[in-house]
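Q: Could we work through a structure together, one feature at a time? I would like to learn how to read each one.

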Amino acid sequence: MGERLGSWRQQFDQRHRLQHNLVTQQQALQALKEEQAARSRKLTAQSALVDAAALAKTASASAQQSAQAAQDQRLAGQTPAGLRALWQAEQGHLNRWQQLEALAKQRRELATQQATLAADVQHGNAKIGTQTAAVSALREEYKTVKEQVADKQKLLDQERRIQSLDAHRLALQPGEACPLCGAVEHPAIDAYQALDVSATAATLKLKQDALEKLKTQGEIASAALAASNARQTERLNSQEKAAQHISQWQTVWTASISLVKTTPALTVDDWHSAEHLAGGQQTVAQALVQLANDLQAAETGEQTIQRAQAAANQSAQALQAAQGQLALMRQAAEDSQVRQTTLVQTGQTNQEELATVEASLQTTLAEAGYALPADPKPWLQERDGEWQHWQQTQRQLQALAQAITRQQAQCDATQTEASSWAQRWTDLQARADQPAMASPAHKEVAADELPAALAACTHDIAILTQTIAALTGRHAQAEAALAQQRAALLDAEGAWHTALNASPFADAPAFEVALLPEPERQRLSALKDSLNAAQQRANALLQAARDKQTQLEVQALTPLAAEEIVEQMEALEAQRSALSEQIGAQRALLTSDAQHRQNQQALFAQISEQTGEADIWQRLDGLIGSARGDKFRKFAQGLTLDHLLHLANRHLARLHGRYLLRRKSTGELELDIVDAWQGDVTRDTRTLSGGEGFLVSLALALALSDLVSNKTSIDSLFLDEGFGSLDGDTLEIALTALDSLNASGKMIGIISHVEALKERIPAQIRVEKGGGIGHSRLVV
């Protein structure tokens with residue numbers, strides 16, 4: 001029954017598992033059918049998306065072809081790059097025409113200036129002639145009046161001397177000798193008395209006033225003549241510069257007209273014809289406008305083509321993605337169909353196995369006298385209880401049989417030992433009744449050995465007495481044990497018969513028939529040992545797992561419960577499946593993209609070429625900067641500043657070899673000072689002292705005059721103050737530099753109140769305070 005019970009349990013478990021599998025498969029099959037229905041609806045929708053994407057792709061391709069055809073018709077065999085090159089060339093042509101017009105305008109202005117200067121020079125010459133004649137006349141008149149003033153002054157002096165001798169003349173008497181000359185006649189006394197000194201002085205005053213007036217008029221005329229000469233010199237210099245400018249202009253004009261291609265060709269005298277130049281410029285401007293319109297239309301067409309291309313690519317990608325998704329969905333539908341077929345086949349197989357298991361159960365249960373139970377669990381528990389009771393009874397019977405066998409063996413041994421002791425007892429008694437015969441070692445003993453023999457016999461008697469006593473006790477114990485064993489045997493036989501009567505066995509032979517063979521018992525015993533060992537290992541693993549679980553629970557790696565973790569795992573598995581589908585779709589897109597790229601290598605080559613050209617314009621745009629030209633203006637200003645610093649450092653080296661000007665490393669239009677006396681350390685310009693700042697400013701001013709001297713002649717340089725902050729040595733350095741500049745032909749003007757400058761500057765214009773408030777005068 002034990003073997004059948006295990007087989008029944010396995011069959012019931014297999015039956016339950018098959019039934020559970022059938023239910024699970026039915027549920028999975030139902031869910032799969034619902035999933036297939038939903039997927040079928042998605043397939044229908046995706047097919048509609050694919051059709052819509054195909055229509056969009058066709059429309060995009062048609063729009064792209066239309067845009068390309070319109071662009072081809074618009075370009076008429078040219079390319080946008082060619083049109084841009086033509087536009088740039090025409091732009092340069094227009095710039096050259098504009099330059100020609102500006103040069104012609106400049107030449108006309110120079111001609112007008114030259115004519116004006118010629119008229120001014122002629123008028124100046126006439127004026128200078130008139131002023132020269134006037135100055136000569138004034139000088140002659142001044143000379144005459146000056147002589148008259150001298151004569152009148154001499155006459156006045158004489159009259160005053162004569163008048164001063166009136167007292168002496170009054171002392172003269174007629175006929176008396178003159179104390180001065182000794183004459184006795186004095187004829188001029190009356191004439192001397194008639195002299196009028198005031199009239200002579202008045203006449204002299206009038207002549208002196210006339211002379212002063214002539215002097216003033218002469219100075220004014222001389223100043224006017226000097227001014228006219230200076231202006232005439234300026235006119236002549238301007239006339240010479242105008243001639244030089246005309247010569248330079250002629251060179252530029254000749255070079256410029258050679259660059260302009262027109263019919264008929266321009267000549268060196270076409271600068272007179274402003275209408276002709278304006279007409280040529282207008283023609284080029286109209287052509288440039290037409291090219292600009294064509295270029296803008298071409299660029300607009302290119303942008304339209306690019307947008308159409310982008311739309312076509314987007315439509316193609318959308319179509320490809322939709323097709324890929326549709327293929328994935330179809331593949332998923334096929335996989336679902338395969339799973340459905342597999343589930344149906346598995347269900348049929350499980351149904352057949354369930355029928356086979358139920359038939360086998362019914363057969364084996366019918367052989368054992370049982371019917372197929374509705375609920376196998378309590379039925380198996382009842383059979384298991386019966387089997388355990390039978391096993392316990394069998395164990396008790398086996399124990400009793402073994403006990404009976406042991407008791408029987410002990411009884412036999414005890415009886416044998418009792419018989420042996422009884423025989424020995426009989427022999428001892430017989431020996432006691434026949435002393436002579438009981439001493440097998442009896443022999444004649446000498447008289448001197450009698451005490452020893454007596455002692456030996458006494459010892460033997462004692463030993464024998466002890467042996468008899470021990471044997472008597474053991475005999476008694478054996479009989480008592482025998483009685484106990486017989487009683488136990490009777491009890492065991494009674495219990496065995498009782499157990500046999502209570503067992504399902506009819507009699508002892510039936511029990512012996514039910515006993516397992518020795519090999520089978522040994523096999524089951526080995527199986528039991530192996531199962532016990534496996535159970536111990538399983539218990540050890542279970543205990544280790546529980547310990548690990550306890551450790552993990554103590555660590556509290558997550559606050560979630562096991563059910564929540566299972567739900568998260570299921571959600572992550574669903575997410576992984578969705579991502580796998582997306583990866584499949586993206587792989588399909590990548591494969592299609594790689595194929596398209598392979599098919600569009602020529603387009604990629606064209607894109608690469610246009611990218612190189614665009615990089616050039618991009619770099620130019622980066623150099624120019626914003627639309628207002630800030631960056632390019634700063635770049636150009638930086639070049640000018642570098643040139644200015646180069647010139648300033650040359651002057652600064654002469655003024656003071658300690659400092660050097662340099663632009664800041666930030667790239668801005670700011671300056672730093674390099675101090676050579678402190679290891680070429682860089683200093684801010686605000687750290688300079690007053691004298692050092694003056695020298696640096698002076699070097700920059702001189703450099704600025706050098707910088708613009710190639711276009712404009714700067715012959716004068718005026719310095720307003722700044723010398724008061726200089727020490728003696730620095731002032732000497734600055735004045736030495738200014739002297740060298742003055743010696744080179746530049747006029748240096750210094751406005752300062754420093755007294756030390758008066759000793760170094762011979763030509764001075766001093767401003768002196770006048771008598772009244774707010775009045776001053778210039779002293780040269």
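**Reading the model, feature by feature**

A: Start with a loop. D680 sits in the loop between β2 and β3. Keep in mind that this is a predicted model.

Q: Is D680 buried or exposed?

A: D680 counts as exposed, because its relative accessibility is 51% and the cut-off for exposed is over 50%.

Q: What is the phi of D680?

A: Phi of D680 is near 60 degrees, a positive value in a residue other than glycine. G679 also belongs to this hairpin of β2 and β3, and it takes a positive phi near 70 degrees. The hairpin has 5 residues between the strands.

Q: How do I read the sheet around that loop?

A: General idea: strands of a sheet pair through backbone hydrogen bonds, either parallel or antiparallel. Here the sheet is open, has 3 strands in the order β1-β2-β3, and pairs in the antiparallel sense.

Q: Which strands stand at the edges?

A: β1 and β3 (681-684) do. Each has a single partner strand, so one side of each is left without a neighbour in the sheet. Neighbouring strands are turned by 40 degrees against each other on average, direction ignored.

Q: How many bridges join the strands of each pair?

A: β1 and β2 (residues 671-675) pair over 5 bridges. β2 and β3 are joined by 4 bridges. For specific residues, R663 stands opposite L671 in β2, and D672 has D684 in β3 as its bridge partner.

Q: What packs on the sheet?

A: Helix α14 does, touching β1 and β2. The direction of α14 makes about 175 degrees with that of β1.

Q: Now salt bridges. What should I look for?

A: General idea: side chains of opposite charge can pair when their charged atoms come close. This structure holds 9 salt bridges. One of them links R663 with D642, with the closest N and O atoms 3.4 Å apart.

Q: What does the pair of R663 and D642 tie together?

A: R663 lies in strand β1 (residues 659-663) and D642 in helix α14 (residues 630-655), so the pair ties together parts that are 21 residues apart in sequence. D642 is partly exposed, at a relative accessible area of 36%.

Q: Are D675 and R683 buried or exposed?

A: Both D675 and R683 are buried. Their side chains meet in a salt bridge, 3.0 Å from N to O.

Q: How do I read a helix with a buried side?

A: General idea: an α-helix has 3.6 residues a turn, so residues three or four places apart point the same way. Take helix α16 (residues 728-743). Its 16 residues reach 22 Å from the first C-alpha to the last, close to the 22 Å expected at 1.5 Å a residue.

Q: Which residues of α16 are buried?

A: T730, L731, A734, L735, A737, L738 and L741 are buried. Seen down the axis of α16, the buried residues fall within an arc of 160 degrees, so they line one face of the helix. On the other side, G728, D729 and A743 are exposed.

Q: What covers the buried residues of α16?

A: The cover includes α14, α15 (690-708), β4 (716-720), β5 (747-751) and α17 (756-760).

Q: Can we try a single residue elsewhere? Where is S315 found?

A: S315 is found in helix α6 (residues 274-367). S315 is buried, with a relative accessible area of 13%.

Q: What does S315 touch?

A: Leaving out residues up to four places away in sequence, S315 touches A53, A56, K57 and S60.

Q: Last, the whole chain. How many helices and strands are there?

A: The chain has 17 helices and 7 strands. Of its 780 residues, 23% are buried. Now the contacts with a separation of 6 or more: residues 24 or more positions apart account for 71% of them.

Definitions and conventions:
Residues numbered from 1 in each chain as written. Predicted model: local features only at pLDDT ≥ 70, side-chain atom pairs only at ≥ 80, totals over all residues. Heavy atoms only, no water. Salt bridge = Lys/Arg side-chain N within 4 Å of Asp/Glu carboxyl O. Helix = DSSP H or I, 4+ residues; strand = E, 2+ residues; numbered from the N terminus. Buried < 20%, exposed > 50% of the residue type's maximum accessible area, 1.4 Å probe, protein only. Pairing = 2+ DSSP bridges. Axes fitted to C-alpha atoms, helices over the stretch in contact; angles between N-to-C directions. Contact = heavy atoms within 4.5 Å. Expected span 1.5 Å × (residues − 1). Arc of directions from axis to C-beta.
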